[in-house]
Amino acid sequence: MNNISLKKLSFYTASLAAFAVLVLVFATMLFTQTKLKWYFFTVLPGVVFIAVYIIIQILVGRFIYSKIKLIYKTISIQKSEKGKVKDILENDENLFDRVRKEVEEYERNKIAEIEQLKTMENYRKDFFGNVSHELKTPIFNIQGYIETLLDGAVDDPTINKQYLLKAAANVERLNNIVQDLLEISQYEAGKLSLEIDRFDVTQLVKEIFDSFEIKAHDKKIKLVFKKGSDKPFYVMADKARIAQVFNNLIVNAINYGNQDGEVSIGFFEMEPNLLIEVGDNGPGISEEHLPRLFERFYRVDKHRSRTEGGTGLGLAIVKHIVEGHGQSINVRSTVGKGSTFWFMLKKAK
Ligand code: ADP
C-alpha cells in the first residue's frame with residue numbers, strides 16, 4: 001500500500017471487484033442450476049470493473065488529493081507547483097514515501113532557518129552592544145570637557161583652548177565611528193553596488209601615498225613600492241572602493257607600525273589576476289588573533305587602537321569590499337617582524 005499509485009490502486013480494486021462478480025455469477029449458476037447468458041460472464045464483470053475503477057479514481061483520488069494538498073499547503077509549496085500534487089498523485093508509485101520525504105526536507109530547512117535566525121539575532125545583539133560601547137567613550141569625554149569648561153575652565157586661558165581641542169577630537173572620533181557604521185551597515189544590507197572600471201592601481205597607490213605623506217613623516221615611516229611594482233598595473237575594479245581598501249590597510253600599517261618603519265606595496269601578476277600585498281615591518285600580530293581580525297570591532301590591542309583613532313571597523317570594511325569583488329582578503333604575520341595583507345583583483349585586458 002505504501003508504494004502504489006492511484007491508477008494501480010484503482011486497477012487492482014476494480015479487477016478484484018470484477019473477479020468477485022464473476023465468482024458470484026458462477027456460484028449463482030451452480031446453486032440455481034440455471035444456465036446464465038454469456039454477458040453475465042463478460043459484460044457484467046466489465047461494467048463492474050469500469051464502475052469501480054472510476055469510483056476509486058474519483059473518491060479515493062479526491063480524498064488523498066485533499067489531504068496531500070493540505071500538507072503541501074502547510075509546507076507552502078508555491079502556486080507554480082500546483083499541478084505537481086496532481087501529477088504526483090496520479091503517477092508516483094511512491095506517493096506516501098515521497099510526501100514523507102518532502103515533509104522531512106521541509107522540516108530540515110525550517111530547522112536550518114531557525115538556527116540562522118538565532119545566529120543573526122546574537123549577531124545583532126553583539127552589534128548593538130559594541131556600537132553602544134564605542135559611542136559611549138567619546139560622548140562621555142565630550143560631556144566631561146564641556147562640563148569642566150562650563151564650571152569655570154572657560155575663563156582659564158591655560159586650559160580652555162586645550163579642552164575645546166580635546167572635545168573637538170572626540171567629536172571627530174564620533175563622526176568617524178558613525179561614518180564607518182553607516183558604511184558597514186550598507187555593505188551588510190547587501191547594498192554594495194560596484195562601479196567596475198579599468199584603472200592603473202599603481203597610480204592610485206601613489207595618490208594615496210601622497211595623502212599619507214604627513215602622517216607617515218611624523219612617524220618617520222617610509223611608504224614604498226616593492227621591487228618591480230613601481231610601474232603601471234591595470235585592473236578591473238571599483239576604483240573608489242579599492243582606494244578605501246588601500247586607505248584602511250595603509251593607515252593601519254602606519255598606526256600600528258614601528259617608528260622609522262616601512263610600509264610596502266607589491267604587485268604580482270598571477271594570470272588572470274593581480275596579487276596585491278600591503279606589508280609593514282611593525283610589531284606583527286600573534287597567530288591566535290588572525291582568524292578574528294576581520295570581524296567588526298575586533299582589536300588586538302584595544303587601548304592602542306583607540307589612541308590611534310581606530311573604529312575597529314577598518315578591516316571589516318576591507319573584507320566586505322574585497323569580497324564584493326569576488327576575491328578574499330588574507331593576512332600573514334610574524335610577531336616582531338611585521339604583517340602583510342594580500343588580496344587579488346582581476347587584471348584588465
Ligand atoms: P582599528 O580601527 O582598530 O584599526 P581595524 O579593523 O582596522 O580596526 O583593525 C583591527 C585590529 O587589527 C586593530 O585594532 C589592530 O589591533 C590590528 N591590526 C590591523 N592592522 C595591523 C597591522 N598592520 N599591524 C598590527 N596590527 C594590526
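Before anything else, one term: a pocket here is an open set of grid points, where a 1.4 Å probe fits, with protein on both sides within 12 Å along at least five of seven lines, and its lining residues have an atom within 4 Å of a point. Thanks for coming, everyone. Please keep in mind that this is a predicted model.

Let's start with the second largest pocket. It holds about 340 Å³ of space. Its lining has 15 residues, and Tyr123, Glu188, Phe294, Glu295 and Arg296 are the closest to its centre. Which helix gives the largest share of that lining? That would be α10, with 4 residues. Helices α4, residues 95–150, and α5 also supply at least two residues each. If you sort the lining by class, you get 6 nonpolar, 2 polar and 7 charged residues. Domain 2, residues 118–188, and domain 3, residues 196–347, each provide at least three residues of this lining.

Two of the residues I just named also meet each other. Arg296 lies over the face of Tyr123, at 4.3 Å from the ring centre. Elsewhere, the charged end of Arg198 sits over the ring of Tyr234, 4.2 Å from its centre.

Now to the largest pocket, with about 1000 Å³ of space. There are 43 residues in its lining, and those nearest its centre are Val251, Asn252, Asn255, Tyr256 and Gly310. Elements that give two or more residues include α5 (160–188), β5 (273–280), α10 (314–324) and β7 (338–347). Helix α8 contributes the most, with 9 residues. By class, this lining counts 16 nonpolar, 18 polar and 9 charged residues.

On to the aromatic rings. Across the whole structure, a search finds 14 aromatic pairs. Take Phe127 and Phe128: their ring centres are 6.3 Å apart and their planes meet at 50 degrees, so this pair is tilted. Is Phe127 buried or exposed? Its relative accessible area is 17%, and buried means under 20%, so Phe127 is buried. There is also a cluster, in which ring pairs link Phe11, Tyr12, Phe49 and Tyr53.

Next, a few details of the backbone. Glu271 and Pro272 are joined by a cis peptide bond, with omega at about 0 degrees. You'll find Pro272 in the loop between β4, residues 262–270, and β5.

Asp260 is in the loop between α8 and β4, while Phe297 is in the loop between β5 and α9. Their surroundings are worth a look too. Asp260 counts as exposed, at 54% relative accessibility, whereas Phe297 is buried, with a relative accessible area of 8%.

Let me finish with Val47. This residue is in helix α2, which covers residues 43–74, and at 48% relative accessibility Val47 counts as partly exposed.

Technical notes. Residues numbered from 1 in each chain as written. Predicted model: local features only at pLDDT ≥ 70, side-chain atom pairs only at ≥ 80, totals over all residues. Heavy atoms only, no water. 1 Å grid on protein atoms, 1.4 Å probe; cavity = no way out; pocket = protein on both sides within 12 Å on 5 of 7 lines; lining within 4 Å. Points joined across faces, edges and corners; volume = space filled by probe spheres on them. Nonpolar A, V, L, I, M, F, W, Y, C, P; charged D, E, K, R; others polar. Domains from an automatic or database assignment. Phe/Tyr/Trp six-rings, centres within 6.5 Å; stacked < 30°, edge-to-face > 60°. Buried < 20%, exposed > 50% of the residue type's maximum accessible area, 1.4 Å probe, protein only. Lys NZ or Arg CZ within 6 Å of the ring centre and 35° of its normal.
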